[in-house]
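Biologist: Could you put the model up and take me through it?

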Amino acid sequence: MNDQRTTVFVVDDDLAIREALGSLIRSAGLAVETFASAHDFLEHSGADAPSCLVLDVKLPGLSGLDLQKQMTNAGVEIPIVFITGHGDIPMSVRAMKAGAVEFLTKPFRDEDLLEAIKDAISRDDVVRRQRAVVRQLRERYGSLTPREREVMSLVVSGLLNKQIAAQLGTSEITIKVHRGQVMLKMKANSLAQLVRMSERLEILRAETILGEDSD
Amino acid sequence: MSSQQYLALEGRRSGLPFLAGAAALTALTFVCFRYHVNSTTVGLLFLIVVVLVSLRASFLPAAIISLLAYLCLDYFFTEPLFTLGMSQTLDFVAPVAYIATALVITRLIWSVRRSEDERQRAEERLRSSQAELAHVSRVLTMGELAASIAHEINQPLTAIVTNGGACLRWLSAEEPDLEEARAAARRIVRDGHSASDIMTRIRAFLKKADAQRGPVDLNRTIQEVVALTRDQAAASSVTLRTEFFEELPKVLGDRVQLQQVVLNLVLNAIEATARTDKRGREIRITTLQAEAERAIVEVSDSGQGIDLQSLEHIFEPFYSTKAEGLGMGLAISRSIVESHGGELTAAADDGHGATFRFSLPLYQQKLR
């Protein structure tokens with residue numbers, strides 16, 4: 001979490017607030033980048049380290065809530081801490097439902113804001129790690145041949161080599177070889193580990209199958 | 001008004017013209033018979049009676065008068081006398097002419113009256129929606145003003161609080177960063193000034209209307225407010241009474257702003273009065289001229305009055321005794337009156353009711 005590249009992004013149209021937030025966040029030992037509008041922020045390239053966005057709800061042009069929605073639709077996942085001049089309950093409910101970490105009403109206590117930012121960054125850290133693991137698994141799965149994938153799905157569903165051989169109309173020896181390849185390529189040490197991996201890839205697999213069907 | 005109510009009202013209106021018509025017919029018959037006026041002349045005289053009755057009565061009474069006129073004509077004036085029979089051309093033409101006249105005229109009058117009524121009702125509706133609009137815009141303006149003041153002030157306030165927090169953190173770090181702390185402190189000073197600038201701008205905004213000032217007839221201004229609020233007062237069973245000093249000279253001011261002040265006071269008075277016993281709910285608006293060349297307007301109500309503690313605070317912004325009140329009405333009213341060089345004061349009338357009073361310098365005085 002104390003990664004050098006960890007950056008807090010601040011979007012607020014008021015220069016005084018941007019400066020104040022910048023100083024406060026830096027005083028907590030975090031890197032900070034400030035933007036005057038949602039558009040300025042969107043033009044900036046996404047961070048490749050755990051980060052967090054401190055976002056004013058009321059912005060000229062694209063509002064904070066709109067930006068949140070737009071980023072969700074675009075698949076950009078960055079935890080958001082909302083700050084607002086006059087937070088009404090429906091607004092905060094909307095923001096929290098859409099995945100905001102915290103919703104603070106100006107003026108807020110500096111501890112509250114820094115706490116929310118740290119919380120957001122550690123959340124982002126966890127999400128990023130998970131995403132990295134899934135990405136790795138996808139890569140490994142991608143290296144399997146179609147036959148190996150078939151074998152893998154039958155293995156994790158609990159069938160014995162003999163049964164798999166019968167189902168695929170081939171010899172048990174061949175299946176054994178395929179199975180060895182699957183374990184090797186997926187870097188699985190045990191059947192249990194392979195099962196867990198396949199669970200993580202479940203969605204991906206469903207998508208692939210659907211994709212093949214529609215072709 | 002439904003058509004049934006309308007007919008009932010028409011019936012009541014018809015009684016008098018009908019009797020008058022019948023009396024006129026009798027008198028004419030008597031006089032003309034006595035002096036042997038020829039039948040054609042009598043027929044025309046009777047037609048006049050039918051026209052006059054039709055103008056004032058509805059169709060049925062007008063038709064009866066037409067019939068009576070025809071009978072009198074036939075019986076007393078057309079040959080053979082003292083018989084009813086269709087022997088002469090006039091005997092055929094007269095009843096048709098009478099009935100047709102009665103029908104056409106009553107019909108025309110009816111439609112004229114109906115459009116008149118509709119116009120009146122439309123006017124009433126217009127008045128009540130105007131009053132509503134005035135109230136809504138009053139609430140909106142004040143709500144918006146309060147919200148924007150709150151937002152404007154909240155921004156520098158947030159910056160100050162945040163900079164303060166940052167400044168303390170820079171100072172209490174293991175290796176205090178004095179440069180950062182100094183920068184944060186400088187920003188605190190700057191943002192404090194910008195908050196105070198906002199207050200100056202708001203005051204200037206409230207004074208800004210100077211350019212739109214001219215001579216204002218206070219009595220007329222008040223009359224307009226009374227017209228706007230009459231329906232609302234009636235809905236709360238409150239009587240609005242005005243006691244104008246007729247020769248009140250004009251004052252110098254912004255008509256719309258002064259109207260806003262009177263409107264605020266009257267609406268407050270209606271709300272205060274509506275919370276008391278239904279009997280004797282009254283608001284009195286008085287204008288008078290004070291010795292020092294000033295016009296005075298007083299709005300007194302028979303409401304629950306103001307307790308001494310509230311009296312001290314009612315002109316402060318955001319002070320309200322009403323559950324849904326913003327507490328801006330009197331604060332804004334006072335700043336408007338003061339920007340006109342006048343004074344707005346409140347007094348609790350012992351036991352019941354309150355009186356709000358404002359004075360304004362006269363127009364002439366300003367010219368000198």
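Predicted model: local features only at pLDDT ≥ 70, side-chain atom pairs only at ≥ 80, totals over all residues.

Biologist: What pattern does chain A follow along the sequence?

Modeller: Chain A reads β-α-β-α-β-α-β-α-β-α-α-α-α-α, with nine helices and five strands in total. Of its 215 residues, 33% are buried, and among contacts with a separation of 6 or more, 61% join residues 24 or more positions apart.

Biologist: How many residues does each chain give to the contact between A and B?

Modeller: Chain A puts in 15 residues and chain B 20 residues. On the side of chain A, the most comes from helix α1 (residues 15-27), which supplies eight residues. By class, that side of chain A has seven nonpolar, four polar and four charged residues.

Biologist: Staying with α1(A), why call it largely enclosed?

Modeller: Because ten of its 13 residues are buried, α1(A) is largely enclosed by the rest of the structure.

Biologist: What does its length look like, and what comes after it?

Modeller: From first C-alpha to last, α1(A) reaches 18 Å, close to the 18 Å expected at 1.5 Å a residue. After α1(A) comes Gly29(A), with a positive phi near 85°.

Biologist: Switching to chain B, in what order do the strands of the open sheet run?

Modeller: The order in chain B is β2-β4-β5-β7-β6, five strands with mixed pairing. At the edges sit β2 (239-243) and β6 (343-348), each of which pairs on one side only. Neighbouring strands are turned by 15° against each other on average, with direction ignored.

Biologist: And β4 with β5, parallel or antiparallel?

Modeller: Strands β4 (residues 282-290) and β5 (residues 294-301) of chain B run antiparallel and are joined by eight bridges; for instance, Leu288(B) has Ile296(B) in β5(B) as its bridge partner. Helix α7(B) packs on this sheet, where it touches β4, β5 and β7 (354-361) of chain B, and its direction makes about 20° with that of β5(B).

Biologist: At what angle does α7(B) pack against α9(B)?

Modeller: Helix α7 (residues 255-274) and helix α9 (residues 329-339) of chain B pack at about 145°, their axes 9 Å apart, and the crossing is left-handed. Among the residues making the contact are Val261(B) and Leu265(B) from α7(B), and Leu330(B) and Ile336(B) from α9(B). The residues of that contact divide into five nonpolar and six polar, with no charged ones.

Definitions and conventions. Residues numbered from 1 in each chain as written. Chains lettered and ligands numbered in written order. Contact = placed C-beta atoms within 7 Å. Helix = DSSP H or I, 4+ residues; strand = E, 2+ residues; numbered from the N terminus. Nonpolar A, V, L, I, M, F, W, Y, C, P; charged D, E, K, R; others polar. Buried ≥ 20, exposed ≤ 12 C-beta atoms within 10 Å, placed from the backbone. Axes fitted to C-alpha atoms, helices over the stretch in contact; angles between N-to-C directions. Left-handed = near helix turned anticlockwise from the far one by under 90°. Expected span 1.5 Å × (residues − 1). Pairing = 2+ DSSP bridges.
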